[in-house]
Amino acid sequence: MKAKLVEFLTCLNCGSPLQSVAEKEDSTLPWTEVLEGRLVCQQCGQRYPISRGVPRMMSGSLPEEVEKTVNGFGYEWQTFDKHIQDTYMTDKTNFLDFIAPVTPDFFAGKVVLDAGCGMGRFLKLAADFGSQEVIGVDLSGSVDVAYRHTRHWPNAHVIQADIMALPLKPVFDYIFSIGVLQFLENPRAGFDHLTRLLGGEGSISVWVYAQENNGWVIRLVSPVRKYVTSRLPRLLLYGLSQGLGLLLYPLIKWVYKPLNENKLSVNLAHRLPYNDYLYYSSQLSYGGVVSIIFDHLVPRLVTYLSKEELAGWFSLERFSSVTITSRNNMSWRAYGVCSIVVGAETACRDI
Ligand SMILES: [Zn+2]
């Protein structure tokens, strides 16, 4: 943990500033990293541990379904990390595809929040794009992977915390949350929690699963996931995902990809099920495809959101410059600029 992260943090109990107390430090970088220690509230005395370089700021126990989902994703990112490094999944083109219309120059000088940073693949890119500071938050143990990947960036920070109770000041210029809100008990509530952290004219991007074009997934796959695959021992689910990957990967590489790239067959390709998504997936490595299969089978909780519902989140009473576009014909990416300023510090409160 870098000392300047403390400026952005507040006590979960009382909202007061925190003070860092270091017990073990790493001084091999141009700055000092606190590896072990604690954050102490100046007002109420509440303590938050800093462990393996990451402040652990969870507010209490989680509902069982949420905890199981969080643990599943924690396992996923720690297991698949080595398989997807330096592949399309960690590439800036992929990141920008999730947050369009935002471009790399948009990040310059901004204070940014990556809400649900997983293994930190987009956190690292946001730091590279020139953010003033970028803070990655995740509830799962994947924060250890995210910290390992980003500790060498002077402007990147990681904390372990819940989107529903973030110990952060409302000072963010830009928040992005990619593939996270649909796994909350109440996605809309999570979105509203995030928007309260935007500073004046801050903006937010989210990417979520679409209700549209996912009818058979919702009707057939979701029950199997909820009652079977999400309850399997992780190693068994990992093996099952590898097996399904062996079936799906050749189909993607040798059927979807060539049919889409030959002008004689592209019309036929457009009639294939999930063509946009599976053609997109042809850019992934085998490990990347397996990680996506695992990702679809591990969560207990998933909400598929309609465009109408998302438009309600980004109501024109609260946001300007709103864009909601389909990504791969199976998901929505939305962007908006908060257009309400309340007082000097907090913008985009619920109205
Ligand atoms: Zn306090």
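Glycine 130, which follows helix H3, has a positive phi, near 100°. The model in which this residue is seen is a predicted one.

Helix H3 spans residues 121–128 and is mostly covered, with six of its eight residues buried. These buried residues are Arg121, Phe122, Leu123, Leu125, Ala126 and Ala127. Methionine 119 belongs to the loop that runs between strand E5 (111–115) and H3. This methionine has a relative accessible area of 1% and is therefore buried, since buried means under 20%. When neighbours within four places in sequence are left aside, methionine 119 has contacts with Trp77, Asp81, Ile84 and Gln85, with Thr90, and with Ser142, Val145, Ala146 and His149. Between methionine 119 and leucine 244 there are 23 Å in space, C-alpha to C-alpha, and the two are 125 residues apart in sequence.

**The zinc site**

Four cysteines coordinate the zinc ion through their SG atoms: Cys11, Cys14, Cys41 and Cys44, at 2.2 to 2.3 Å. Along the chain, these donors follow the spacing C-x2-C-x26-C-x2-C. Cysteine 14, in the segment before strand E1 (18–26), and cysteine 41, in strand E2 (residues 33–41), are 27 residues apart, and this pair links distant parts of the chain. The angles subtended by the four donor atoms around the zinc ion are 98 to 119°, and the arrangement is therefore tetrahedral. For this assignment, all angles must lie between 85 and 135 degrees.

Cysteine 14 counts as partly exposed because its relative accessibility is 36%. Cysteine 41, at 4% relative accessibility, counts as buried.

**Serine 331 and its surroundings**

Serine 331 is located in strand E11, which covers residues 331–338. Its relative accessibility is 1%, so serine 331 counts as buried. The side chain of serine 331 is joined to that of tryptophan 207 by a polar contact of 2.7 Å. Not counting residues up to four places away in sequence, serine 331 touches Trp207, Val208, Tyr209 and Ala210, together with Thr325 and Ser326.

**Accessibility of the residues discussed**

| Residue | Relative accessibility | Class |
|---|---|---|
| Methionine 119 | 1% | buried |
| Cysteine 14 | 36% | partly exposed |
| Cysteine 41 | 4% | buried |
| Serine 331 | 1% | buried |

Key. Residues numbered from 1 in each chain as written. Predicted model: local features only at pLDDT ≥ 70, side-chain atom pairs only at ≥ 80, totals over all residues. Heavy atoms only, no water. Buried < 20%, exposed > 50% of the residue type's maximum accessible area, 1.4 Å probe, protein only. Helix = DSSP H or I, 4+ residues; strand = E, 2+ residues; numbered from the N terminus. Contact = heavy atoms within 4.5 Å. Donors = N, O, S within 2.8 Å, 3.2 Å for Na, K, Ca; no water. Tetrahedral: all angles 85-135°; square planar, octahedral: opposite > 155°, others 65-115°. Polar contact = N/O pair within 3.5 Å; in protein donor to acceptor, adjacent residues only side chain to side chain.
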